[in-house]
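Have it open while you read, and tell me where you disagree.

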Amino acid sequence: MDPSVSALISLIKKHNLPEISELYTRSNSSENIAQLKFMYQSAQQSPEVYSFYQDLCTKVSASKAMPIGVIAGINDPARFTFFTPALKQNNGFSQANEQGNTALHILFSNPHNSVPPFNYIRSLLLFESNEGLIHALKQRNNQQLTAIECYFAYNTHFDNLPAHELSALLALIEAQAQLLPQQETVLAAICKKLKASEHVHQLSEDNHRILLLASTYKVSVSAVCDLLK
């Protein structure tokens with residue numbers, strides 16, 4: 001076990017929250033990654049301790065920005081939910097890795113997430129003050145793609161979305177459209193990525209991905225289909 005994690009466990013047993021924050025602040029990036037990983041894994045073991053470890057993670061993240069290595073690992077709904085309060089600290093939603101990807105880029109593009117948590121993210125925007133999350137929605141990575149555009153381009157689960165998730169994604173697209181101009185050049189780049197997928201044949205004219213692309217970039221369904229040929 002990492003010595004910094006052993007030290008963390010010792011301080012948790014003593015309920016010494018000030019020293020936990022001090023330990024986290026003086027630890028290096030690799031040690032912070034190990035400490036946050038321990039908090040997440042411990043939280044998953046029992047509902048009774050989930051809030052404790054989530055609050056602890058949030059507290060230490062307020063004193064020091066989250067390591068990029070952790071941002072890159074927030075790639076599924078369970079991790080995103082746990083780390084959401086911590087991401088609100090120190091502009092965590094806007095932190096990006098070397099490819100310019102934020103936690104939203106990584107979460108939306110992960111092909112293991114057949115349905116990213118669009119409804120959960122929409123709820124955060126509706127019911128909480130979340131300027132950082134709004135900024136992250138319009139943030140482009142090194143390929144000049146937003147998180148939603150990364151979902152279009154890289155998430156290869158082409159089954160139609162559940163109604164509540166489709167509705168939430170449409171609301172997020174509308175919110176993004178109010179922040180950024182939609183570019184047909186980006187649509188072409190997205191379709192080029194999709195053409196590389198071995199499952200692209202699933203994209204019929206009534207598929208949600210086709211309809212969403214057409215709606216987002218204000219073009220016809222047939223125009224999208226032509227770009228995928």
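1. Confidence first, since this is a predicted model. Helix 3 (residues 29-45) has the highest pLDDT, at 96, while helix 9 (residues 131-138) has the lowest, at a mean of 88. The chain averages 91, and 99% of the residues score at least 70.

2. Now helix 13 (residues 208-217). Eight of its ten residues are buried, so the rest of the structure largely encloses this helix. The buried residues are His208, Arg209, Ile210, Leu212, Leu213, Ala214, Thr216 and Tyr217.

3. What covers those buried residues? The cover includes helix 10 (147-154), helix 11 (163-179), helix 12 (184-195) and helix 14 (221-227).

4. Take helix 11 against helix 13. The two pack at an angle of about 25°, and their axes are 11 Å apart. With under 35 degrees counting as roughly parallel, the pair is therefore roughly parallel. Helix 11 passes helix 13 in a right-handed crossing. On the helix 11 side, Leu166, Leu169, Leu170 and Ile173 make the contact; helix 13 brings His208, Leu212 and Thr216.

5. A reminder on spacing: an α-helix has 3.6 residues a turn, so residues three or four places apart point the same way. Keep that in mind when you look at His208, Leu212 and Thr216, the helix 13 part of the contact.

6. Check both ends of helix 13 too. At the start, a side-chain oxygen of Asn207 comes to within 2.8 Å of the backbone nitrogen of Arg209. Just after the helix, Lys218 has a positive phi of about 55°.

Notes
Residues are numbered from 1 along each chain as its sequence is written. This is a predicted model: local features need pLDDT of at least 70, side-chain atom pairs count only at pLDDT 80 or more; totals for chains, interfaces and linings use all residues. Side-chain values use heavy atoms; hydrogens and water are left out. pLDDT is the predictor's confidence in each residue, from 0 to 100. Helices (H or I, at least four residues) and strands (E, at least two) are DSSP runs, numbered from the N terminus. Buried means under 20% relative accessible area, exposed over 50%, partly exposed in between (1.4 Å probe, protein chains only). Contact means heavy atoms within 4.5 Å. A polar contact is a pair of N or O atoms within 3.5 Å; within protein, one must be able to donate a hydrogen and the other to accept it, and residues adjacent in sequence count only if both atoms are side-chain atoms. Axes are lines fitted to C-alpha atoms, for helices over the stretch in contact, and angles run from 0 to 180 degrees between N-to-C directions. Angles under 35 degrees count as roughly parallel, over 145 as roughly antiparallel, 65 to 115 as roughly perpendicular and the rest as oblique. A crossing is left-handed if the near helix is turned anticlockwise from the far one by less than a right angle, and right-handed if clockwise.
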